[in-house]
Amino acid sequence: MKTDIQIAQEAVLLPVTEVAERAGIPREELELYGRYKAKISEPFLKEIQDRPNGRLILVTAINPTPAGEGKTTVTVGLGEAFGQLGKKAVIALREPSLGPCFGIKGGAAGGGYAQVVPMEDLNLHFTGDFHAITSANNLLSALLDNHIQQGNELRIDTRQVVWKRCLDMNDRVLRNIVVGMGSKADGVVREDHFVITVASEIMAILCLAVDMRDLKERLSRIVVAYNYDGEPVTAGQLQAVGAMAALLKDALKPNLIQTLEHTPALVHGGPFANIAHGCNSVIATGAALKMADYCITEAGFGADLGAEKFFDIKCRKAGFAPDAVVLVATVRALKYNGGVPKAELSTENLEALEKGIVNLEKHIENLQKYGVPVVVALNAFTADTEAETAYVKRFCEARGCEFALARVWEQGGRGGIELAEKVLRTLERKESHFTLLYEDSLPLREKIVKVATEIYGAGKVRFAPAALKQLERLEELGYGELPVCMAKNQYSLSDDPTLLGRPENFEMNIREVYVSAGAGFVVVLTGAVVTMPGLSKKPAAYGIDVNEEGMITGLF
């Protein structure tokens with residue numbers, strides 16, 4: 001069995017200029033990064049704005065497990081299947097983070113014969129977007145500390161600096177640090193912190209901005225600290241916006257690459273879904289909707305995180321209205337949710353499947369709350385039995401969902417035709433009545449409770465005293481009408497990653513709340529979630545190498 005990277009490296013790629021032609025993008029509107037990667041020019045993006053939108057299809061999944069679900073793989077395979085059916089589709093994905101790539105999760109290019117390529121470039125430096133975001137973030141940090149050192153005209157309270165430095169790597173020792181140590185010329189001593197780049201507010205801003213003007217306005221609103229009177233101090237007040245925007249100028253343009261079957265793919269931005277809002281950029285999704293009859297996009301991790309934030313943050317802010325949702329599950333993951341150890345998942349176990357399928361059931365119910373038709377895609381594995389597949393099919397259809405097997409990992413677009421036909425039938429027969437979970441006017445605390453109880457299934461929400469004070473303060477400062485961005489572990493519907501399946505009547509713990517004023521949402525930290533991951537005992541980095549011919553191995 002070939003590995004993902006072997007399949008990707010053996011593929012025959014089209015020049016990106018030919019891929020662009022398929023999407024109706026003239027060669028002169030591309031900024032080339034070699035033969036197979038390009039950025040799309042801002043004039044072209046403006047030129048297509050008056051075109052009608054295509055249909056918007058979101059791909060999401062059940063809660064992730066060590067068994068794997070293949071959400072990105074299904075997204076890519078579905079786009080390839082649309083192409084095989086003669087439909088004009090463009091895929092809109094997030095860029096992978098180096099942290100998971102060298103950690104446990106691996107890359108994010110899909111898998112098997114449903115990948116976007118060049119896979120190695122995408123999973124590593126790509127077009128430099130993440131480097132630009134990291135640099136802009138840390139420039140703001142440098143300007144902040146320099147302002148304090150040079151007299152602190154804005155009267156920043158160094159005990160209330162909330163802006164953090166960032167790095168696109170899993171590095172737990174940087175979570176809590178002390179800066180300014182040494183001589184007087186080395187700065188003011190204070191506690192500082194790092195977040196991973198994909199959890200930074202700059203990443204969220206880049207993915208929610210619609211153009212350079214909007215980007216700069218959002219950058220100016222970033223709250224970096226509070227002064228001695230408790231008033232917010234912003235990046236605009238630090239005169240940081242112009243230089244930050246200069247660093248982000250090229251990163252703001254969406255990237256064009258291709259699938260193994262040459263379907264155009266816009267891969268742009270990459271906020272984590274368990275901490276940030278987990279969706280690719282508004283610019284890329286908007287462009288895909290104008291360039292194709294069907295835009296197929298994804299949202300990170302399970303539907304309790306990625307899909308909820310896609311709806312309640314991205315769609316709310318950008319005015320998007322999805323026409324259908326594809327919910328990805330596997331028999332293996334459902335049995336894992338039913339208590340089967342990873343080593344035993346290849347054995348038929350209908351009892352465990354029945355026990356674990358409640359996780360899928362909850363996600364179906366949650367998606368239906370938003371009024372969008374749901375198609376369940378069962379990502380097939382060779383060990384799945386007919387009895388297991390038939391059970392999942394009956395379960396889904398009894399809940400008003402279309403059901404299809406997806407064999408895209410093994411067969412590429414051909415293995416996704418059944419799914420594509422079910423999606424097309426859903427779009428023809430079922431109208432989307434998209435609605436948001438809550439109104440802007442609902443108080444922040446009630447928004448949090450609504451997500452925790454209705455989407456997660458919590459019976460009670462406990463707020464730490466510090467979180468209650470922070471909520472009160474944010475309401476007083478005028479941030480009360482912003483949506484909430486829940487930061488929660490991805491493995492469970494609850495804030496306890498060990499509670500699999502469908503936990504009910506649990507207590508959800510809210511420990512900290514802060515505003516990302518530039519992004520336009522309030523971040524809510526639950527349980528023990530961290531914003532700077534660490535590496536495992538045997539990180540994936542141990543298996544990655546490059547030979548004398550420059551061929552990379554070990555990426556997956």
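Reader: What makes lysine 39 and aspartate 129 a salt bridge?

Author: In this predicted model, the closest N and O atoms of lysine 39 and aspartate 129 are 2.9 Å apart, and a salt bridge is defined as a side-chain nitrogen of Lys or Arg within 4 Å of a carboxyl oxygen of Asp or Glu, so the pair qualifies. The pair links distant parts of the chain, with lysine 39 in strand S2 (residues 38–40) and aspartate 129 in helix H7 (residues 129–149), 90 residues apart; helices (H or I, at least four residues) and strands (E, at least two) are DSSP runs, numbered from the N terminus.

The model is predicted, and local features need pLDDT of at least 70, side-chain atom pairs count only at pLDDT 80 or more, and totals for chains, interfaces and linings use all residues. Residues are numbered from 1 along each chain as its sequence is written, and side-chain values use heavy atoms, with hydrogens and water left out.

Reader: Why is lysine 253 called buried?

Author: Lysine 253 has 15% relative accessibility, and buried means under 20% relative accessible area, exposed over 50%, and partly exposed in between (1.4 Å probe, protein chains only), so lysine 253 counts as buried. Its salt-bridge partner, aspartate 250 (3.3 Å, N to O), is partly exposed, because its relative accessible area is 29%.
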